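Please look over the sequence and the three-dimensional structure shown below. The paragraphs that follow lead through charged pairs, aromatic rings and a patch of the surface.

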Amino acid sequence: MITELAVERVEFICGHCWHQWSADFDLQHVRDEDGTDWEYFSLNGIPVASPYSPDGAQACPECHRHWVGHLAARRLVPLIPDEETTPRSRIAEPAAHRPERHTAPMLSAGSHHQPAERHLSATAERNG
């Protein structure tokens, strides 16, 4: 059973070249029949390992070294809408309902404003 759906913006900072980037991951928390909780991530609709673990570390777009991410922001996706307060629209003909959604381009996980890059000089100034 799905217990939580969310979109998590994960930020990465390369420890080698200091390039900074982020990506939005879809997240599902699932509880199996034994009561064990599991976490599933996907990026652009493709299942991936947790970006918070070494197995799911992302490659730096600049130097291609892999780095574990950290949570920058998240948005929960409601599992069951509140039928009394949530606006809704009846779908009269499901097969003909908004057919353009089947051919719409994939919303990229990286299509949002990227964080400003940190540079070695800025790090040196803080540590200096």
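A salt bridge is counted here where a side-chain nitrogen of Lys or Arg lies within 4 Å of a carboxyl oxygen of Asp or Glu. The model is predicted, so local features need pLDDT of at least 70 and side-chain atom pairs count only at pLDDT 80 or more, while totals for chains, interfaces and linings use all residues. Residues are numbered from 1 along each chain as its sequence is written, and side-chain values use heavy atoms, with hydrogens and water left out.

Side chains of opposite charge can pair when their charged atoms come close. The structure holds four salt bridges. In one of them, the side chains of E4 and R74 meet, with 3.0 Å from N to O. E4 belongs to strand 1 (residues 2-13) and R74 to strand 7, so this pair ties together parts that are 70 residues apart in sequence. Strands (E, at least two residues) and helices (H or I, at least four) are DSSP runs, numbered from the N terminus.

R74 also forms a salt bridge with E8, and here the closest N and O atoms are 3.0 Å apart. Because R74 lies in strand 7 and E8 in strand 1, the pair ties together parts that are 66 residues apart in sequence. How far are these side chains covered? A residue is called buried under 20% relative accessible area, exposed over 50%, and partly exposed in between (1.4 Å probe, protein chains only). E8 counts as buried, at 6% relative accessibility. E4 is partly exposed, with a relative accessible area of 21%, and R74 is partly exposed as well, at 37%.

Another salt bridge joins the side chains of D37 and R31, at 2.8 Å from N to O. D37 counts as partly exposed at 49% relative accessibility, and R31 counts as partly exposed at 36%. Salt bridges that share partners join E4, E8 and R74 into one network.

The aromatic side chains come next. Rings of Phe, Tyr and Trp (its six-membered ring) pair if their centres lie within 6.5 Å; planes under 30 degrees apart count as stacked, over 60 as edge-to-face and the rest as tilted. By this rule the count comes to three aromatic pairs. Among them is the edge-to-face pair of F25 and F41, with 6.5 Å centre to centre and 85° between the planes. F25 lies in strand 2 (residues 20-31) and F41 in strand 3 (residues 37-43), so the pair ties together parts that are 16 residues apart in sequence. F25 counts as buried, at 0% relative accessibility, and F41 is buried with a relative accessible area of 6%.

F41 and Y52 also form an edge-to-face aromatic pair, with 5.8 Å centre to centre and 75° between the planes. This pair links F41 in strand 3 to Y52 in the loop between strand 4 (46-48) and strand 5 (58-59), 11 residues apart. Y52 is partly exposed, with a relative accessible area of 28%.

Finally, the surface. Patches are made of residues with over 30% relative accessible area and no salt bridge: like charges are joined within 9 Å, and nonpolar side chains (Val, Leu, Ile, Met, Phe, Trp, Tyr) within 5 Å. Accessible areas come from the Shrake-Rupley method with a 1.4 Å probe; for residues, only the protein chains shown count as cover. I2, L79 and I80 form a nonpolar patch on the surface, with about 310 Å² of accessible area together. I80 lies in the loop between strand 7 (70-77) and helix 1 (120-127), and I80 counts as exposed at 74% relative accessibility.
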